[in-house]
Amino acid sequence: MNKKKSLIGSVLLLFGISSLFLFYSYKVAGESEGDSSDTPLADLLTSTNGENIEVLDYTDLAITQVSDIYKEKNQNKISDKLTKLESEHAYTLENPLVVSNPYLTNTTGLYVYFTTEEATKITYTIQTKGYASFSQGLANDDNEEYTKTHVYQIIGSIAGLENNISITSTSESGEKKTTTITYTPPAYYTTDNNAYTVEDGTSTTELSNGLYAIIGNRDEEKGRATYYVDNDGIVRAEIPIVGYNSLRLVPTDDQQMYYAISSSKIAKINRLGKVTQVLSLANTDYVLHHDFVLSSDGKTILALATSKTAEEEENIVEDRVVKINLLDGSVSEVVNFETLVPSLYEQATDLEEHSNNIGKLDPIHLNTIQVVDNGSIIVSSRETSTIMKLSLGQSSEDAAITYMMADDSIWEGIGEYRHLLLTKTNNFLSQAGQHSVTYETDETLKDGQYYLSMFSNNSTVMDSRSSSYDWENFGMDTTAKERSSMGETSYYYRYLVDETEGTYTLIQSFKVPYSAYISSVEQYNDNIIVDSGAQASFAEYDENGTLIRRFSKKSGTKFIYRTYKMSFNGFYFA
């Protein structure tokens with residue numbers, strides 16, 4: 001019986017590692033364009049099925065693949081077409097202009113335009129047979145609650161089914177008027193499923209309000225997209241992208257949002273679905289990977305990157321941080337770990353064996369970046385199971401390590417870095433192979449204190465030192481090479497960091513489904529969102545770590561890179 005269990009487990013683990021290999025290799029290939037049929041792409045992403053639903057004419061735009069959608073010139077021409085349509089009639093609540101996914105950035109989205117005689121606010125409800133209803137208030141430009149001119153993107157219609165959409169205007173005096181439209185969107189472009197399966201836990205806490213943003217969902221051989229999923233597991237939006245994954249969704253102060261659309265491009269999109277800016281690294285020395293974040297002054301993006309030159313000449317990958325200027329798109333390197341921790345590179349000389357980087361030197365393998373202020377960042381290194389705070393300057397030569405958080409044994413015998421390690425104040429198993437480290441502040445904390453939460457994969461993958469490092473301090477008398485596929489559980493970890501005292505304390509932890517790679521956690525309102533990436537599932541827990549509900553894909557999905565919950569208030573919703 002034990003041998004049979006072991007064999008089954010080994011087969012499942014082999015399948016999981018193979019799937020993860022496909023995930024990482026897909027990143028480098030990068031640009032999958034999805035459906036290969038002869039049907040024009042715009043026809044696959046729009047539908048006239050419904051009551052007075054308009055579809056734009058795209059024949060003059062030469063949109064044949066997803067990358068064409070993300071061309072600013074095409075988006076501006078689409079905007080001109082909408083402006084022309086709006087000027088042709090006096091659209092009212094009773095007779096609104098309704099256009100199917102005009103910017104081609106949300107497969108089931110609707111663009112709605114009308115005016116009212118007095119200032120009103122707008123709410124809507126979508127009802128679809130066999131599914132829970134979906135209701136939201138709609139945000140206006142500058143988040144004005146009441147207005148006479150109404151331009152919105154309605155999200156939430158379910159693909160391939162008839163949706164009854166009730167749109168209600170409410171005046172400042174409380175007078176209400178409602179109109180109803182019907183709409184049957186096209187099937188989703190990148191998935192055949194309209195919903196995730198759900199499993200309720202034992203917690204009686206209510207799920208938080210918002211939508212789960214499913215990032216890096218790898219679904220068979222179809223194209224790539226980011227999905228919005230509601231609390232019932234229903235897919236409410238599909239955002240097609242060119243390749244790789246969106247990394248994260250980053251809201252801005254001007255009611256817009258950044259997300260990656262490939263390993264070389266980041267797009268900025270507004271609440272109506274229009275792409276207003278595309279930042280490209282295609283003609284630079286860098287390729288994006290894993291993560292990016294907006295600087296605290298909102299003027300630059302800081303992103304994790306691989307240097308093409310370093311990969312070509314030294315076989316080194318995933319160890320740089322670059323700064324992207326949002327005004328002119330210029331790219332500069334601000335961190336190079338090869339010069340920051342040279343002693344590590346002298347000893348971490350074994351080649352990668354477990355991802356798309358097979359055969360490469362991957363001594364650091366950055367997977368998260370967080371901004372503390374304009375002069376410092378926090379990064380996560382999977383390969384060294386280390387979290388680091390860095391101070392930044394104008395170039396990578398100015399970067400310096402402020403501190404590190406890791407098991408002491410990781411850095412034993414590696415240069416003069418151990419003095420940078422913060423001290424644990426309680427006894428716990430150090431994070432191992434952690435992902436999605438998140439920086440959080442609280443006004444009740446003292447100066448120099450803050451929280452760091454993370455998905456501790458409990459995966460001891462360190463191919464770069466597989467011949468020299470032993471994981472005994474982690475309770476395993478095996479080498480990294482042997483341990484890499486033997487994990488049984490992962491953890492949610494939350495630290496209280498005290499820079500003034502030079503300490504960190506594990507203040508909360510609980511077990512979560514095992515994932516050797518990828519995955520994410522998020523402190524959202526009073527609940528905790530956890531994505532066990534290799535399990536292709538995500539879940540919401542209460543503040544004590546008790547499961548409220550788990551979501552998993554019905555079929556096809558090999559893994560989910562990250563899941564973050566977002567209210568989208570002030571963006572789509574009011």
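These legends describe close-up views of a predicted model.

Local features need pLDDT of at least 70, side-chain atom pairs count only at pLDDT 80 or more, and totals for chains, interfaces and linings use all residues. Residues are numbered from 1 along each chain as its sequence is written, and side-chain values use heavy atoms, with hydrogens and water left out.

**View 1. An open sheet has the strand order S7-S31-S30-S29-S28.**
Five strands form this sheet, with antiparallel pairing. Strands are DSSP runs (E, at least two residues), as are helices (H or I, at least four residues), and both are numbered from the N terminus. Two strands pair if DSSP finds at least two bridges between them. Strand S7 (196–200) and strand S28 (520–524) stand at the edges. Each has a single partner strand, so one side of each is left without a neighbour in the sheet. On average, neighbouring strands of this sheet are turned by 15° against each other, direction ignored. The axes behind such angles are lines fitted to C-alpha atoms, for helices over the stretch in contact, and angles run from 0 to 180 degrees between N-to-C directions. Inside the sheet, strand S30 (residues 537–541) and strand S31 (residues 547–553) run antiparallel and are joined by five bridges. Phe538 stands opposite Phe551 in S31.

**View 2. Strands S28 and S29 form a hairpin.**
S28 pairs with strand S29 (residues 527–532) in the antiparallel sense, over five bridges. Tyr524 has Asn527 in S29 as its bridge partner. Two residues lie between the strands of the hairpin, and Asn525 takes a positive phi near 55°. Four of the five residues of S28 are buried, so S28 is largely enclosed by the rest of the structure. Buried means under 20% relative accessible area, exposed means over 50%, and partly exposed is in between (1.4 Å probe, protein chains only).

**View 3. Another open sheet has the order S11-S12-S13-S14.**
This sheet has four strands, and the pairing is antiparallel. Its edges are strand S11 (250–251) and strand S14 (275–280). Each edge strand has a single partner, so one side of each has no neighbour in the sheet. Strand S12 (residues 256–260) runs antiparallel to strand S13 (residues 265–270), and five bridges join them. Tyr259 stands opposite Ala267 in S13. Strands of a sheet pair through backbone hydrogen bonds, either parallel or antiparallel.

**View 4. The largest nonpolar core has 88 residues.**
A nonpolar core is a set of buried Ala, Val, Leu, Ile, Met, Phe, Trp, Tyr and Cys residues joined through side-chain atoms within 4.5 Å. Tyr70, Tyr124, Tyr228, Ile301 and Phe568 have the most contacts inside this core. Strand S2 (residues 110–128) gives the core its largest share, eight residues. Apart from this core lies another, of 38 residues, among them Ile369, Leu390, Ala406 and Trp471. Back in the largest core, Phe568 touches Leu211, Tyr228, Leu249, Met257 and Phe573, not counting residues up to four places away in sequence. Contact means heavy atoms within 4.5 Å.

**View 5. Thr105 sits in the loop between strand S1 (97–100) and S2.**
Thr105 is buried, with a relative accessible area of 2%. Leaving out residues up to four places away in sequence, Thr105 touches several residues, including Ile69, Tyr70, Ile239 and Val275. Its side chain reaches the backbone oxygen of Gly273 at 2.6 Å.

**View 6. Ile316 lies in the loop between helix H5 (308–314) and strand S17 (320–325).**
Ile316 counts as buried, at 4% relative accessibility. Beyond its neighbours within four places in sequence, its contacts include Thr306, Glu338, Tyr345 and Leu361. Ile316 and Ile364 are 48 residues apart in sequence and 9.6 Å apart in space, C-alpha to C-alpha.

**View 7. Ser409 lies in the loop between strand S22 (400–405) and strand S23 (423–424).**
Ser409 counts as buried, at 12% relative accessibility. A polar contact of 2.6 Å joins its side chain to that of Asp407. A polar contact is a pair of N or O atoms within 3.5 Å; within protein, one must be able to donate a hydrogen and the other to accept it, and residues adjacent in sequence count only if both atoms are side-chain atoms. Ser409 also touches Tyr469, Asn473 and Phe474, not counting residues up to four places away in sequence.
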